[in-house]
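These notebook entries record what I looked up in one structure. I began with its pockets and then turned to a helix and a single residue.

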Amino acid sequence: MKKPPPASPPTSNETDPDQQPDSLDACRRCDLWRHATQAVPGEGKRRARIMLVGEQPGDGEDLAGKPFVGPAGKLLDRALEDAGIPRDEVFITNAVKHFKWELRGKRRLHKTPGQREVQACMYWLERELQQEAPAVVVALGATALKALLDDAHARLQEHFNQPLHHEGRTVLATWHPSYALRAPEQAARESAYLDIVTALKHAGRLAAGK
């Protein structure tokens, strides 16, 4: 009788920054998987001309397993509509695929991922960039910009809505939608929202070769 093939080894619970996993669920390149509900991959139109990259999933995204479905996602949807870009025509992802949070009372509040965690997740972002091959990538916030440029010292204000050619694609930087929700003053929130719409319109023109 022919022996059955050996079972695949179970996923290790040890963190291994040199791991090369085949799936996000198996990823142990940093510790964020330990306290997240699930990994959140990018989604959207395959081989889209425009890719949007945020920081990390939020509480709602962690539960849903989809990027930008919480309050920041709703604002991004509105900004895309105002920019004349259908959401289903872009690919949306995050620099970090697991939700990093801290408990405040009964709420899980966002905590900015560290550089080691961003670097560990470059394994997945680079895969998405290679597979989707966007012409234009919009960095939503400083963490996304640092990841896309592989530069821990990159400053959002220095690259704000200024096209930057990097590794065969154009990168544009603007605010993360959460800033347009949480800036302390109404005027700052409105200005940030308009900046995001402007960057998306710019990305649309660049993607169309204009």
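This is a predicted model: local features need pLDDT of at least 70, side-chain atom pairs count only at pLDDT 80 or more; totals for chains, interfaces and linings use all residues.

Residues are numbered from 1 along each chain as its sequence is written, and side-chain values use heavy atoms, with hydrogens and water left out.

Entry on the largest pocket. I read a volume of about 760 Å³ for the largest pocket. Of its 29 lining residues, Ala-72, His-110, His-176, Ser-178 and Arg-182 are the closest to its centre. A pocket here is an open set of points on a 1 Å grid over the protein atoms alone, where a 1.4 Å probe fits, with protein on both sides within 12 Å along at least five of seven lines; lining residues have an atom within 4 Å of a point. The volume is the space filled by probe spheres set on the points, which are joined across faces, edges and corners.

Entry on the second largest pocket. I read about 160 Å³ of space in this pocket. Its lining includes Met-122, Glu-126, Leu-129 and Gln-130. H3 gives the largest share of that lining, four residues.

Entry on H3. Helix H3 (residues 115-132) has 18 residues and reaches 24 Å from its first C-alpha to its last, close to the expected 26 Å (1.5 Å times one less than its number of residues). I located a kink of about 40° centred on Met-122; the bend is the angle between axes fitted to the seven residues ending at a residue and the seven starting there. Met-122 is also among the buried residues of H3 (buried means under 20% relative accessible area, exposed over 50%, partly exposed in between, with a 1.4 Å probe and protein chains only). Just after H3, Ala-133 takes a positive phi of about 50°.

Entry on Ala-39. Why does Ala-39 count as buried? I found that Ala-39 counts as buried because its relative accessibility is 8%. Ala-39 lies in the segment before strand E1 (43-44). Leu-24 is 15 residues from Ala-39 in sequence and 6.1 Å from it in space, C-alpha to C-alpha.

Methods. Helices (H or I, at least four residues) and strands (E, at least two) are DSSP runs, numbered from the N terminus.
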